[in-house]
Amino acid sequence: MLFKDITPLLADPAAFTALTGALADLSVRHGATKVVGLEARGFILGAPVALKAGVGFIPVRKAGKLPGATLSQRYDLEYGSAEIEVHAEDLRPDDRVMVIDDVLATGGTAEASLRLIRRAGAEVAGVAVLMELGFLNGRERLNPALDGAPLEALLTV
């Protein structure tokens, strides 16, 4: 398991503003009407991105964390399996959704989120991340699920 610490970036107001501004610009450029943030660091980035882009924010959470009616999606991880959920009523057929997260690693969570978005009837505007760990080949896993939607990484390591 490999972790990248983004907290120094978050602690610097100028850097955090530049980061969320860049992700908001991508969201606007790709015509997003909603931003989905993936638990948990995707919430930290996704909410201010949605505000700057002038669109709504929707959290995608681990199973059992959201009240009310949800849609869920199971997926495989490199160390087991997991399940994510979204509120069933938060996405509509006329929505174009940009998925925001801090890191693209193996692509499993992002892939599951794209399935959830489409199952809710919305369109995927794209995926935008701060950092892509290229050596884990998440882009290759994610490409079929993107179905032509863009994957934007501000940094690739």
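**Asking how we know**

Guide: Leu114 touches Val99, Val124, Val127, Leu142, Ala145 and Leu146, leaving aside residues up to four places away in sequence; contact here means heavy atoms within 4.5 Å. This is a predicted model, where local features need pLDDT of at least 70 and side-chain atom pairs count only at pLDDT 80 or more, while totals for chains, interfaces and linings use all residues. Residues are numbered from 1 along each chain as its sequence is written, and side-chain values use heavy atoms, with hydrogens and water left out.

Visitor: What makes a nonpolar core, and which residues have the most contacts inside the largest one?

Guide: A nonpolar core is a set of buried Ala, Val, Leu, Ile, Met, Phe, Trp, Tyr and Cys residues joined through side-chain atoms within 4.5 Å. The largest has 29 residues, and Val36, Leu114, Ile117, Val127 and Leu142 have the most contacts inside it. Helix H4 gives the largest share of this core, five residues.

Visitor: How do you know that the length of H4 agrees with what a helix should span?

Guide: The expected span is 1.5 Å times one less than the number of residues. H4 (residues 108–119) has twelve residues, so it should span 16 Å, and its end C-alpha atoms are 17 Å apart, which agrees. Helices are DSSP runs of H or I with at least four residues, strands are runs of E with at least two, and both are numbered from the N terminus.

Visitor: Why is the pair Lys34 and Asp95 called a salt bridge?

Guide: The rule asks for a side-chain nitrogen of Lys or Arg within 4 Å of a carboxyl oxygen of Asp or Glu. Lys34 is in strand S1 and Asp95 in the loop between S4 and S5, 61 residues apart.

Visitor: What about Glu39 and Arg61?

Guide: Their side chains meet in a salt bridge at 2.9 Å, N to O. Glu39 lies in the loop between S1 and helix H3 (41–53) and Arg61 in strand S2, so the pair ties together parts 22 residues apart in sequence. Glu39 has a relative accessible area of 23%, so it is partly exposed; Arg61, at 23%, is partly exposed as well.

Technical notes:
Buried means under 20% relative accessible area, exposed over 50%, partly exposed in between (1.4 Å probe, protein chains only).
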